[in-house]
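Me: Hi, I have a structure open and would like to go through it slowly with you. Can we begin with the aromatic rings and then see where that takes us?

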Amino acid sequence: MPANSMPAKSMPAKTTTAKSTTAKKSSFKWSTLIIHLIFILITLSMLVPLALVIIVSLTDENSILHHGYRMIPDKFSFAAYEYFFKSPDAILRAYGVTIFVAVVGTVLSLILTASMGYTLSRRDYGLVRPTSFYVFFTMLFGGGLVPFYILVTQYLHLKDTIWALIVPGMLSPFYVLIMKGFMSKIPFEIIESAKVEGAREWRIFAQLILPLSKPSLATLGLFIMFNYWNEWFNALLFIDNERLVPLQLLLVRTMNSLDFITSRPEFALVMSNFNLANFPKTAAKFAIAIMSAGPMLLVFPFFQRFFVKGLTVGAIKG
Amino acid sequence: MKRGKFLKFVSRNGELFIFSLPAIIYIFIMSYVPMFGVIIAFKNYVYDKGILGSEWVGFKNFKFLFESENAYRITRNTVLYNLGYMFMTTVFSLAVAILLHEVAKKWLKIYQTAMILPFFLSWVVVSYITMAFLDHQNGFLNGWLEGIGLDRVQWYFKANVWPYILNAVHLWKAIGFSALVYFAGILGIDAELYEAAKIDGAKRWQMITNVTLPQLTPLIIILLIMSIGNMFRGDFGLHYFIPNNNGMTYATTDIIDTYIYRALSELGDVSMASAVGLYQSVVGLVLVVAANYTVRKINEENSLF
């Protein structure tokens, strides 16, 4: 058995481990090599498409017209990005909307997820079973898109407000399940001893459980933030107001033409001294795509260390 | 006496109940209230009259749906795609998770980061990536095809290639997260089990089949039951943006969700869209209950509820 596959495993079997490692040294090397080759292939298949899109966004428009997209274009150009930096209003506003939605939404969502997850993780809570059913039944049955649409527009009156982007995504039963799975692994004795010392529930929650749940909070917080960052469906449904367009909706509207972005009043001024024929139309599309995805992709590796610890899917049954 | 018992229950559980209250209220409004909205499916919904004021039409909306060929097409597409996604994601991400477990920590981090990257991209961004490959004029794929002397292909107009493209794109985006969930599950397996297997002389492969897989079974089954429940729910973003919402490929790309969206946004047929939605929800529920029932018959421990 290769020693590295099972770190921190106990000592008693030390002698047997040592023996088997030496006995199988040659076969273990081969299999390790193959595993690494598989992962290198997977890694490349994940990264190369992204890299190619970045390259397209940096390709000179004439080069695209003549040769199509290329891995190594004849001529690089920052024109697409320059265009957006010259009149950054539309992009900046979209960033503003997206960042606001992501931050506020994530905080609210984490509060809801953590408090519900905690309640369900307490084996001594008298209502675990009915509450679990209440929460997880929504994963199995729903009213569908139409009643949801009517609820948000006609009854909650959220159409064309920023809350239409925040409220619908505030709680996911699947994340409650993950949160609950993590919190159930916290030794129950901790809660009991705190109780004996007279701590009340909110104190146990705030001072003991939340700090211990850091990996789970970080992981889920990141996932939730990404969901908000990447949200376009609610925007597609509920946002007509130009001032409330988030990044992804900007991207949706730019998908088939750049008319949307070039017709905006912020650009009128620029257009007059801008040669439309030279406008890097194709590269610009990909530049927006990169700009909309970029910031979050830079953030997430920092949360990576919490991922595995934070992601424990517990059983739904109490 | 009964009253005393109730008070005791409240004093013991009241605080925890208050913790769950915000989420309970939220779920009630966002998930349970819309469930009553399914009656729209049996009405001729008019915005001015509201849900209750609109006139009842019985099963007319459903009749209209099932008499058209659309119902069959979108149902078949939704189910087949989901079966494909379910099978591919489970098999590949399990394999990847097991392999990850064999890799040294330093490499683990690099592979993991690369693999989960696509998970964090929105479908819109992913659609730009697919466009970069499949675009008729400029796309990489046609460039490469031409490079080796083959003809260009109008990918966005060819219906028969989309099942492969969509499956590939789905796997590309989903595998990282799914593998991570399984990997976390593997790390949760009691180390003593591996110890015991080692003492019994188990080889690497035997450890996987005798310890890892059986220990992961409950997790695999929970995730499978949940995806069976979603068998009638498709990924709107995947099927709307990746094929570019192109009418030419509806035959192989249209699913229930994209159909509902079009019925609602392009045709403005609220009642019809609602009928499709209800059909989707009811069949989904039946599927989950059936799957759970089957699992419980085989092994009580593994069932969802």
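Reply: Gladly, and please keep in mind that this is a predicted model. Over all chains, the count comes to 40 aromatic pairs.

Me: How are the rings of Tyr118(A) and Phe205(A) placed, and what kind of pair is that?

Reply: Their ring centres are 5.1 Å apart and the planes meet at 40 degrees, so the pair is classed as tilted. The label follows because planes under 30 degrees apart would count as stacked and those over 60 as edge-to-face, with the rest called tilted.

Me: Where in the chain do those two sit?

Reply: Tyr118(A) belongs to helix H5 (residues 89–121) of chain A, whereas Phe205(A) belongs to helix H11 (residues 201–212) of chain A, so the pair links distant parts of the chain, 87 residues apart.

Me: And are Tyr118(A) and Phe205(A) buried or exposed?

Reply: Both Tyr118(A) and Phe205(A) are buried.

Me: Which residues do ring pairs link into a cluster?

Reply: That cluster takes in Phe174(A), Tyr175(A), Phe223(A) and Phe226(A) from chain A, together with Phe119(B), Phe120(B) and Phe177(B) from chain B.

Me: What about charges sitting over rings, say at Trp56(B) and Tyr250(B)?

Reply: Lys43(B) lies over the face of Trp56(B), 4.5 Å from the ring centre, and the ring of Tyr250(B) has the charged end of Arg262(B) over it, at 3.8 Å from its centre.

Me: Changing topic: how many residues are in contact between chain A and chain B, and how much area is buried there?

Reply: On the chain A side 107 residues are in contact with 103 residues of chain B. The area buried between the two chains is about 9,600 Å², and carbon and sulfur atoms give 76% of that.

Me: How many salt bridges are there between chain A and chain B?

Reply: The count is one, and it is formed by Glu15(B) with Arg200(A), whose closest N and O atoms are 3.1 Å apart.

Me: Which helix gives the largest share of chain A's side?

Reply: Helix H2 (residues 25–57) of chain A does, with 18 residues touching chain B.

Definitions and conventions:
Residues numbered from 1 in each chain as written. Chains lettered and ligands numbered in written order. Predicted model: local features only at pLDDT ≥ 70, side-chain atom pairs only at ≥ 80, totals over all residues. Heavy atoms only, no water. Phe/Tyr/Trp six-rings, centres within 6.5 Å; stacked < 30°, edge-to-face > 60°. Helix = DSSP H or I, 4+ residues; strand = E, 2+ residues; numbered from the N terminus. Buried < 20%, exposed > 50% of the residue type's maximum accessible area, 1.4 Å probe, protein only. Lys NZ or Arg CZ within 6 Å of the ring centre and 35° of its normal. Contact = heavy atoms within 4.5 Å. Buried area = accessible area lost by both parts, 1.4 Å probe. Salt bridge = Lys/Arg side-chain N within 4 Å of Asp/Glu carboxyl O.
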